[in-house]
Amino acid sequence: MSPRTHHATPDSAVEHIHDAFGTAEWWRTAVIYQVYPRSFADSDGDGNGDLGGIKNRLAYLHDLGVDAIWISPFYPSPQADGGYDVADYRDVDPMYGTLADADDLIATAHALGIRVIIDIVPNHTSDEHPWFQAALAAGPGSPERDRYWFVDSPGVPNNWPSEFGGPAWTQVADGEWYLHLFDRKQPDLNWENPEVREMFAGTLRFWLDRGVDGFRIDVAHHLVKAPGLLDFDADWDAYNRGALPTNAVPFADQDGVHDIYQQWRAILDSYPGERAMVAEAWVTPHDRLALYVRADEFQQAFNFDYMRATWDADALRAQIRTTLRNADSVGAPATWVLSNHDVIRHATRLVRADPTMAPWILKATEPRPDTGLGLRRARAATALMLALPGSSYLYQGEELGLREVIELPAEARTDPDFLRGGGHRLGRDGCRVPIPWKKDAPAFGFNDTGASWLPQPADFGDYAVDRQRGRDGSTLELYRSLLAVRRQRQLGNGSLALVDLRADVVALDVTNDRGTTRIVLNLGSEPWPIPASARVLVASADGVTDLLPADCAVWLTD
Ligand code: GLC
Ligand code: MG
């Protein structure tokens, strides 16, 4: 697996960076589609998406060609943080349906060959979880309080910031303070307490018994806090840009988290089938991430460094190299992701004014980027991503080319990142606007009533599924083609070489027993001439035959 450089073709240097996997577990190559349930499809017309809505659209996802879905939390929740504030880990919020609906959804997905991953939120509960209510009632020094981080202190116990703004501590009536790295309605659990460990082990089993194929673990890097809860001064802006080693921060990426995930991996491995878990761990530098995907821990971790890469050939090449080097060092698949429910949709982000800004921070002063160029880049970026070996994540609506809805009115916004942010940050509602299914229908087909928990902008109709399905050149048809060719040519499992064609062009060869597929992405301003001998398999823009224009990508074969 050592990198070697040789000349495969007379005109170009080739840098071999990755060998195909020897094994074929599904999670090594899967394309996993993230469903944000409140905004996907609403079967009962109350303006909130639900499990019935997801079930009704599984045929669409099958037709799109994904291998698995990851569903963001659907548990009982006051929705103080979009469901990432869980009041009961073993039930379904009535807004989304019932446990029977969850069973039905899992069974229907499996019948279509689609695997199901659900979201586990172990760092914090909702303040409305019975445990937190019991902790409040039981008072200082009680075993109930020991499940959380309660501190007796004359003032705020330390200077840790909440991710959403303001201090990470709130005082309760009897004077104690509790820690919440996120909203005050999300008290952090104390993972040193064995009851906490037992409760989550039981929760994993509860859902594994119901047939889920795996878990996405929310903020997997935050569970363990450094002893002493000491003040820590950091340049938080640099931290958010991914420029500081995360384990220096006393509430992030502490080595103690790995013990928890080894226990969980043993639970998953005790079940039949290939159950898998993916870490949401915003850790840097990238070799820290490799620790989470060692053979006895997570199967996957989201590759947020790739998501942060700017629209630049050198930056993308560097991320691809680093990703594969680190993943290969522990035998884990690389993962790739461009959008999710926390970040500015990549059709907008790839043309934002400051591309180094943390992808989840949308400043109130952020200028509205060019939608046309944004979509062009987004399609090209996806074409590159879906050719890379490993597993890729898609976020609902990106297959329609949806943009970030920056213009949501303040009164419509619900995200604590906005509500706690003093108006400086707009928050993440703009990537959570309900999906348009039909142009000429109430709520663009999100439901039959026209109700929608976040307002949909008028231009969403033009992105609707019924406007794109079967229309040559649409973003939806591009995604379908990319996924179909990826499957035919088994691109998720190939060896990978970077090909030096031009400094501002990223080119790579994916090789396996289906042949060699060359992917070329033009990040420069001059068109790149496509060799006459090459056949175009898929292109990110219309009419690409002999020239590859700027901000476009193409998949080629001999
Ligand atoms: C994760 C989730 C995000 C949530 C946060 C706190 O980052 O993806 O939506 O706000 O954790 O649970
Ligand atoms: Mg509903």
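This is a predicted model: local features need pLDDT of at least 70, side-chain atom pairs count only at pLDDT 80 or more; totals for chains, interfaces and linings use all residues.
Helix H12 spans residues 371-385 and helix H15 spans residues 475-488, and the two pack at an angle of about 10° with their axes 11 Å apart. The contact is formed by Leu 375, Arg 379, Thr 382 and Ala 383 on the side of H12, which meet Thr 475, Leu 478, Tyr 479 and Leu 482 on the side of H15. Sorted by class, the residues of this contact comprise 5 nonpolar, 2 polar and 1 charged.

A metal site is also present in the model, where the magnesium ion (ligand 2) is coordinated at 2.1 to 2.3 Å by Asp 42, Asp 44, Asp 46 and Asp 50, each through OD, and by Asn 48 through O. Along the chain, the donors of this magnesium ion follow the spacing D-x1-D-x1-D-x1-N-x1-D. Of the coordinating residues, Asp 42 and Asp 50 are both buried.

Turning to the protein as a whole, the fold contains 15 helices and 20 strands, and its C-alpha atoms fill a box of roughly 75 × 55 × 50 Å along the principal axes. Buried residues account for 62% of the 558 residues. Among contacts between residues at least 6 apart in sequence, 67% join residues that lie at least 24 apart.

Notes
Residues are numbered from 1 along each chain as its sequence is written. Chains are lettered from A and ligands numbered from 1 in the order in which they are written. Side-chain values use heavy atoms; hydrogens and water are left out. Axes are lines fitted to C-alpha atoms, for helices over the stretch in contact, and angles run from 0 to 180 degrees between N-to-C directions. Helices (H or I, at least four residues) and strands (E, at least two) are DSSP runs, numbered from the N terminus. Contact means heavy atoms within 4.5 Å. Ala, Val, Leu, Ile, Met, Phe, Trp, Tyr, Cys and Pro count as nonpolar, Asp, Glu, Lys and Arg as charged, and the others, Gly among them, as polar. Donors are N, O and S atoms within 2.8 Å of the metal (3.2 Å for Na, K and Ca); water is not among the atoms, so sites may look incomplete. Buried means under 20% relative accessible area, exposed over 50%, partly exposed in between (1.4 Å probe, protein chains only).
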